[in-house]
Amino acid sequence: MLPKELQADQFRAYPPEAKRLALAHVQAFQQLPLSFLAGLLGQLIEYDYKFPAERTTLDRELSILSSLSPAQTAEWFHGFSQVSLSSQLIRLDWVNQPALFLEQESAYLWTTHQMDAFSAAATGYGDHLNAVIGVEQLPVRRLGIAVIGQGVTSYDSSLFDNLRPHGTYFSRVRPDNGLELLLAAVEQRAKAHPVAYGHWYVDGGQVARQTSSLTTVSYSALAPVRDQLLKFMQGQIASPGMGPEQLRTNLARILPKDLGLDQGGEPVLDRFQVKLFTDGSGTQIFSTTFAQWAARESLRRAQPLTLLVRFAPRQRQKPMNELLSEVQSNSELDPLGSLIDADIGSYYHWINQQRLAGAEQSSFLAWFEGHSQALLVAPSLPRGVTSDSAMDIKGLLSLATD
Amino acid sequence: MRQPAFHNDLLARNALLTKDARMSSLGPQEIARHLGRTRRDFLRDAAGMVAGATLLGASPFVHAATAIRKRKMIVITFGGGARDQETFAPAGQANIPHMLGELAPQSSFFARVTNQGILGHYVATASLATGVYESLNNFSAVPPDHPTIFEYFRKDLRRPVSDAWVIAPSNGFNRIGESDCRSYGPGFGAQVILPKQLLSAAVAGSKLEYGHLLRDNYETPFYAPQIQGGEFELQQLEDILKLSVDDFMTHAKTLSSPDELSVFIAKRLMQRESPSLLWITMHDIDVAHSGAFSLYVDAIRRTDRLCAEMWQAVQDEPEYAANTTMLILPDFGRDADQDSGGNGFQHHRTGDAESRTTWMMALGQGVRHGVVYDNPVQSIDLVPSIGAMMGFSAAQAEGKPIRELL
C-alpha cells in the first residue's frame with residue numbers, strides 16, 4: 001500500500017493518544033513519500049510512551065507537516081520521493097509495524113546503494129524542519145555532570161583529553177564529600193525548576209542514595225530485568241534458525257511486563273529502561289556502556305535540564321557467550337578499563353548535550369571521583385586552559401551555574 | 001560549541017544523519033579528501049614520509065615472469081574497523097607504535113581509501129576479496145556473488161589448492177574463499193582456516209581455559225553463536241599445520257586473543273605450506289561494538305603489534321623474505337563522534353565519510369619506501385591491483401589497478 005491510499009480506520013490499533021494524533025493528520029500523511037512516512041509513524045505509534053519533550057517535538061512536527069502547501073511538500077520531500085522501495089516493502093503493514101518496515105528498509109537501502117541519497121534527503125528535511133520548528137526558552141541553563149573513575153585509587157595518564165579544548169581543566173580539586181554535593185545540587189535544581197522528566201540521575205552501579213525529586217536509572221537496580229533479558233537472549237540464540245537480525249527484531253518487541261518491569265512504576269520510564277537494553281549494544285553486559293547509552297538516550301529523548309551520570313566499574317572482558325550467560329554472578333571488575341570507558345563516555349555526554357537547545361549557554365562538569373581532577377565547560381570559562389587554583393566541588397558548581 | 005542536532009527518531013534510529021561539526025560545510029567527498037590529507041600530513045610529521053605526488057620515475061616492480069612466479073602476497077585486514085583518532089592521527093599514535101615506527105617508513109601508504117559499499121564486516125571483506133561491492137546478507141554464511149581473488153589467482157596462474165589460504169574469524173567467513181560464480185567457483189577457491197573452530201575442536205569439553213580465544217561476533221553483541229569444530233578441523237590441524245592437539249593447546253594457552261590465534265596459525269601455515277596468496281582477516285577491534293572504549297583501544301594496540309609480527313615472520317621465512325608484498329588495510333572505518341546518527345566509535349552504521357574513508361599500507365617487494373599517497377583509491381581496487389602485480393586478470397572486478405603499485 002502507498003501513503004495516498006491511507007484511511008483513518010487503519011490506525012484503529014494505535015494507542016489512544018497516538019490514534020488521536022494520527023486521525024488529525026491523516027491527510028498530511030497521504031501526501032508524504034513512504035520512505036519518510038514509515039519512520040514518522042514509527043514515532044507516532046510510540047507517542048503514548050514518549051517523554052513530554054518528545055511529545056512536544058512530535059506535535060510541532062505534525063502541525064508543520066499539515067500546514068505545508070503542495071509545493072512546499074514537494075520541495076521538502078523531493079529527496080525522499082527519489083528513493084525507490086521494493087514492492088515487498090510496499091506490501092508490508094507499515095502502518096501497524098513501522099519498526100519492522102524500518103529494519104527492512106534500512107537493509108534495502110544499504111543493498112541498493114541508496115543510503116547516501118536517503119541520508120541527504122534526511123539531512124535536507126531536518127534542515128527545513130529546524131528552520132521553522134522553533135525552540136522554547138529554557139527555564140534554567142542546562143547542566144551535565146559526569147562522575148568517572150569510581151574505585152580507581154590512582155591513575156597516571158591524562159584524563160579529559162577530548163574535553164579540554166572546550167573547557168577549563170582543574171588540577172587541584174578538593175574532593176571532600178563531592179558526590180553528595182553534586183547530588184544535592186541536582187536535587188536543588190529539580191526543586192527550583194520542576195519539570196517532568198527534567199532532572200535525571202543515571203548510575204552505572206548502585207545509586208549513592210535514593211532521591212525522589214530526580215528521575216533515577218540505575219544499572220544495579222535493573223539487574224533482575226537484565227537477568228530476565230539475558231535468559232531470553234540465551235533461549236533465542238539456541239533456537240533453530242535464529243540469526244542476529246531475527247534476534248534484534250524479537251528484542252524490539254519486548255515490553256516491560258515481559259521482563260517483570262510493570263510493578264506499578266512509571267510506564268514511560270519503564271519502557272525507556274527496557275529499550276536501553278533491547279536497543280542498546282553492550283548495555284546488557286557492561287555497566288559503562290549502559291551509563292553512556294542511558295545518558296545519550298535520556299538527552300536525545302527527554303532533553304533533561306540536568307543530567308548527572310555516575311560511571312561504575314564494569315565487569316572484566318570475557319568471551320561474549322560467557323558474558324551473555326552469566327546471570328547474577330559476582331564478576332571480576334575492571335576499574336581502570338572502566339575509567340577509560342567513562343572518560344570517553346563523559347565526552348559523548350557533553351557532545352549529546354550540545355545537540356540540544358540552549359547549547360551555547362549550557363555547562364558541563366566532569367570529575368574524577370574522589371580525586372583532584374575535573375574539567376568544566378561553562379560559558380564564563382576559558383577553553384583549553386588549566387587552572388591550578390584550589391577548588392572544591394561547590395566552587396566548581398558555582399562556576400558552572402553562575 | 002553547538003553540535004549537530006538530534007533529528008527526529010526516524011533518522012537517528014536508522015543512523016542516517018551525517019554532519020561533522022568540524023566539517024559541516026563539506027560534502028562527503030571533501031571530507032574524505034580532508035581525511036586523506038590529514039593522514040598524509042600526520043605521517044609526514046610522525047614517520048618522516050614523503051608525499052607520493054612528488055615522486056617520478058619508473059615502477060619499482062619487476063615484471064619478469066620468474067619474479068611473478070615466486071611472488072608471495074599477504075593481505076591483512078586491520079579489522080574490524082578503526083578510526084583515525086585512534087590510529088593515524090596525532091591522538092592515536094600511541095596506539096600504533098609498530099605501524100608508525102617500524103612499518104610506515106618502509107611502506108607506501110595510501111591515505112585515502114574509500115569503501116562505497118555496505119559497511120558490514122563479512123560483506124565488506126567479501127567486496128575486498130572480489131573487487132565488487134557485494135550486496136549479500138552480512139549475517140548469512142553465503143559465498144560472494146562474484147569471483148574472489150583466490151579464484152582468479154588459481155585459475156589464471158594454474159596454482160594448486162595449497163597455494164591460496166584464508167584465515168578468518170568464524171562468524172560467517174567460512175564461505176569467503178570461493179564464490180558462486182559459474183565460470184570460477186567450485187574447485188578454484190582458497191582453503192579457509194577458522195582458528196576458533198580449530199581450537200574449539202581441539203579443546204572439546206574443556207573450553208573454559210581457552211574462552212578468551214573463542215570470542216566471537218562482536219558485530220552484534222546481541223548474538224553470540226556457539227563455535228563448533230569437529231573432525232574436519234582436527235584433520236586440518238594434524239595434516240596441514242602438522243600440530244598435535246596437545247602442542248596446539250599448549251601454545252594457545254600463551255595467547256591472549258582470537259587475532260593472536262590467527263597470526264599463530266598464519267605463521268604455521270607459512271612454514272608448512274608457504275602459500276603464495278595468504279589472506280588474514282583480523283577482528284579483535286570489533287569489540288568496539290560492546291561500547292567499551294578501553295577494549296577497543298587495547299585491540300588496536302594488539303592488532304598493531306600483530307601486523308608487525310607478521311612482517312617479521314615474512315623476514316624470518318626464507319620462502320617469503322625477499323619476494324613478499326604485504327598489504328594492510330581496514331575493511332572500513334567507524335562512525336565519527338560528531339555524527340548524531342551514530343554513537344561514536346561504537347559502530348559503523350551511519351555511512352558517513354569517516355566510516356567509509358580508510359587507508360592502506362603496502363610493504364615489501366616492489367613497494368616504494370616512505371611514500372604517502374593521498375589520491376583517491378577504492379577498496380575494490382585491491383583485487384585488480386594484486387592481479388596486476390601477480391600476473392592474473394581480475395576479469396569481473398569493478399575496481400581499477402592502483403597505478404602507484406604497478
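**Note on the predicted two-chain model**

1. In chain B, 63% of the 406 residues are buried. The coordinates under review are a predicted model, and the remarks below should be read accordingly.

2. The secondary structure of chain B comprises 13 helices and ten strands. As for its contacts, those between residues at least 6 apart in sequence were considered, and 73% of them join residues at least 24 apart.

3. Chain A is divided into two domains: domain 1 covers residues 3–133, and domain 2 covers residues 143–401. The centres of these domains of chain A, taken over C-alpha atoms, are separated by 31 Å.

4. Where the two domains of chain A meet, eight residues of domain 1 are in contact with ten residues of domain 2. On the domain 1 side of chain A, helices α3 and α7 (98–111) each supply at least two of the residues that touch domain 2. By class, the residues on this side of domain 1 of chain A are six nonpolar, no polar and two charged.

5. Helix α3 of chain A (residues 52–67) also packs with helix α8 of chain A (residues 115–133); the angle is about 105 degrees and the axes lie 11 Å apart. Angles of 65 to 115 degrees count as roughly perpendicular, and α3(A) and α8(A) are therefore roughly perpendicular to each other.

6. In this helix pair, α3(A) contributes R60(A), E61(A) and I64(A), which meet L129(A), V132(A) and I133(A) of α8(A). The contact of α3(A) with α8(A) has four nonpolar and two charged residues, with no polar ones.

Technical notes:
Residues are numbered from 1 along each chain as its sequence is written. Chains are lettered from A and ligands numbered from 1 in the order in which they are written. This is a predicted model: local features need pLDDT of at least 70, side-chain atom pairs count only at pLDDT 80 or more; totals for chains, interfaces and linings use all residues. Axes are lines fitted to C-alpha atoms, for helices over the stretch in contact, and angles run from 0 to 180 degrees between N-to-C directions. Helices (H or I, at least four residues) and strands (E, at least two) are DSSP runs, numbered from the N terminus. Angles under 35 degrees count as roughly parallel, over 145 as roughly antiparallel, 65 to 115 as roughly perpendicular and the rest as oblique. Two residues are in contact if their C-beta atoms, placed from the backbone, lie within 7 Å. Ala, Val, Leu, Ile, Met, Phe, Trp, Tyr, Cys and Pro count as nonpolar, Asp, Glu, Lys and Arg as charged, and the others, Gly among them, as polar. A residue is buried if 20 or more other C-beta atoms lie within 10 Å of its own, exposed if 12 or fewer, and partly exposed in between; C-beta atoms are placed from the backbone. Domain bounds come from an automatic or database domain assignment.
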